[in-house]
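Hi,

Here is the structure I promised to pass on. Have a look at it first, and my notes follow below.

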Amino acid sequence: MYVPPAFREDDPVELRHIMRAARLSTLVTATAEGLMATPLPLFLDESEGEHGVLHGHLARANPQWALPVHGEALVVFSGPDAYVTPSWYPAKREHGKVVPTWNYVAVHAYGQPEFFDDATRLLEVVTRLTNLHEQPRAEPWSVTDAPEAFIKAQLKGIVGLRLPITRIDGKRKMSQNRNADDRDGVAEGLLASDAASDHAVSRLIPRHR
């Protein structure tokens with residue numbers, strides 16, 4: 001990922017926050033049959049390794065896990081994003097030398113994936129992933145709520161993924177390259193939008209007010 005210095009995000013705490021907040025990521029691998037990509041919910045275990053380890057699972061019928069990976073795998077996490085119109089820049093009224101752009105947050109995590117079908121490990125991954133997303137609910141559903149035999153049968157239809165992160169790129173493009181007045185104009189313009197995602201981007205723009 002191309003990351004100009006003004007937009008680089010290196011804070012490990014922020015990188016982990018972006019990965020967790022993304023909820024759904026995309027696993028990309030290069031194979032002899034070309035690039036393959038699968039949208040996946042993953043969880044990050046930061047207690048393992050320098051950058052943490054990603055865990056999840058794919059459908060056994062998905063050919064991506066069975067094809068040898070050429071080089072590293074890439075996992076893409078996307079955060080809030082929004083279109084930025086030049087009309088929000090005070091500079092447009094001053095000299096007109098402005099163009100549209102897009103503000104966004106992204107993290108690219110790289111590593112060598114391990115695919116596995118051990119039932120015990122799979123059950124642990126499925127349980128941890130389920131608990132993570134059920135936890136906010138008033139009455140969380142648990143894997144143990146389903147019959148044990150049924151769960152065992154379901155596990156046969158998936159393959160586990162373990163990906164130790166060896167390197168990571170973070171990017172937070174939030175109009176940092178514009179002057180303070182232009183940043184304020186973008187933040188206010190996004191805040192006036194009806195889209196909740198635009199409001200999320202507005203809150204991330206550095207303000208001087």
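A quick definition to start: buried means under 20% relative accessible area, exposed means over 50%, and partly exposed is in between (1.4 Å probe, protein chains only). This is a predicted model, in which local features need pLDDT of at least 70 and side-chain atom pairs count only at pLDDT 80 or more, while totals for chains, interfaces and linings use all residues. Residues are numbered from 1 along each chain as its sequence is written, and side-chain values use heavy atoms, with hydrogens and water left out.

Glu124 counts as partly exposed because its relative accessibility is 46%. Glu124 sits in helix α3, residues 119-134 (helices are DSSP runs of H or I with at least four residues, strands are runs of E with at least two, and both are numbered from the N terminus). Between Glu124 and Gly160 there are 10.0 Å from C-alpha to C-alpha, with a sequence separation of 36 residues.

Glu9 is in the segment before α1 (12-22). Glu9 has 11% relative accessibility, so Glu9 counts as buried. Setting aside neighbours within four places in sequence, Glu9 is in contact (heavy atoms within 4.5 Å) with Glu14, Leu15, Ile18, Gly170, Lys171 and Arg172.

The sheet

Five strands form an open sheet in the order β2-β1-β5-β6-β9, and the pairing is antiparallel (two strands pair if DSSP finds at least two bridges between them). At the edges are β2 (34-41) and β9 (167-173), each pairing on one side only. From one strand to the next, the twist averages 20 degrees. Strand β1 (residues 24-31) pairs with β2 over eight bridges in the antiparallel sense, and Leu24 has Pro41 in β2 as its bridge partner.

The helix pair

How do α5 and α6 pack, by angle and axis distance? Helix α5 (residues 180-191) and helix α6 (residues 196-204) pack at about 155 degrees, with their axes 8 Å apart. Axes here are lines fitted to C-alpha atoms, for helices over the stretch in contact, and angles run from 0 to 180 degrees between N-to-C directions. The contact is made by Ala187, Leu190 and Leu191 of α5 and by Asp198, His199, Val201 and Ser202 of α6.

Cheers
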